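Subject: Structure handover

Hi,

Here is the structure I promised to pass on. Please open it alongside this note. My findings follow below.

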Amino acid sequence: MVNAGVIILRRTRPDMERGYRVPLVPIFPIIGIGLCVYLMADLPGITWLRFLIWMAIGLVIYFFYGRSHSRLRRGQVVNPDAELPGPA
């Protein structure tokens, strides 16, 4: 996911300040994606099942924590200088 994010951000936000530089974009990120897919393709089914169960548990915890601790829901302004999304 990080490799894909590098490619996407380079295309959508080329002016964004980066904490590190990736050489030969998009070649290295594509190689990284390919290697991860190669490693994941050989995993047994029980590993995928455990992954999906733990992912579901994590998403439930994340959702309920976010709902109860959201500054936006309480009406607090997080970044007053940020532009609101909408039609231009």
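A word on burial first: buried means under 20% relative accessible area, exposed means over 50%, and partly exposed lies in between. W48 has a relative accessibility of 32%, so W48 counts as partly exposed. Please keep in mind that this is a predicted model.

Overall layout

The chain has 3 helices and 0 strands. Read from the N terminus, the order of elements is α-α-α. Of the 88 residues in the chain, 6% are buried.

How α1 and α2 pack

Two packed helices are described by the angle between their axes and the distance between the axes. Here, helix α1 covers residues 2-12 and helix α2 covers residues 27-41. Their axes sit 8 Å apart, at an angle of about 150 degrees. An angle over 145 degrees counts as roughly antiparallel, so α1 is roughly antiparallel to α2. The crossing of the two helices, α1 and α2, is left-handed.

Which residues make the contact between α1 and α2? From α1 come N3, A4, V6 and I7. On the α2 side they meet P29, I30, G32 and I33. By type, the residues of this contact split into 6 nonpolar and 2 polar, with no charged ones.

The loop between α1 and α2

Two backbone features here deserve a look in your viewer. One is at L24, which lies in the loop between α1 and α2. Phi of L24 is near 55 degrees, a positive value in a residue other than glycine. Is L24 buried or exposed? With 54% relative accessibility, L24 counts as exposed.

The other is the peptide bond from V25 to P26, which is cis. Omega for this bond is near 10 degrees. P26 also belongs to the loop between α1 and α2.

Aromatic pairs

How many aromatic pairs does the structure hold? There are 2.

Are F63 and F64 exposed or partly exposed? F63 counts as partly exposed, at 47% relative accessibility. F64 has a relative accessible area of 54%, so F64 is exposed.

That is the set of findings.

Best wishes

Conventions: Residues are numbered from 1 along each chain as its sequence is written. This is a predicted model: local features need pLDDT of at least 70, side-chain atom pairs count only at pLDDT 80 or more; totals for chains, interfaces and linings use all residues. Side-chain values use heavy atoms; hydrogens and water are left out. Axes are lines fitted to C-alpha atoms, for helices over the stretch in contact, and angles run from 0 to 180 degrees between N-to-C directions. Helices (H or I, at least four residues) and strands (E, at least two) are DSSP runs, numbered from the N terminus. Angles under 35 degrees count as roughly parallel, over 145 as roughly antiparallel, 65 to 115 as roughly perpendicular and the rest as oblique. A crossing is left-handed if the near helix is turned anticlockwise from the far one by less than a right angle, and right-handed if clockwise. Contact means heavy atoms within 4.5 Å. Ala, Val, Leu, Ile, Met, Phe, Trp, Tyr, Cys and Pro count as nonpolar, Asp, Glu, Lys and Arg as charged, and the others, Gly among them, as polar. Rings of Phe, Tyr and Trp (its six-membered ring) pair if their centres lie within 6.5 Å; planes under 30 degrees apart count as stacked, over 60 as edge-to-face and the rest as tilted. Buried means under 20% relative accessible area, exposed over 50%, partly exposed in between (1.4 Å probe, protein chains only).
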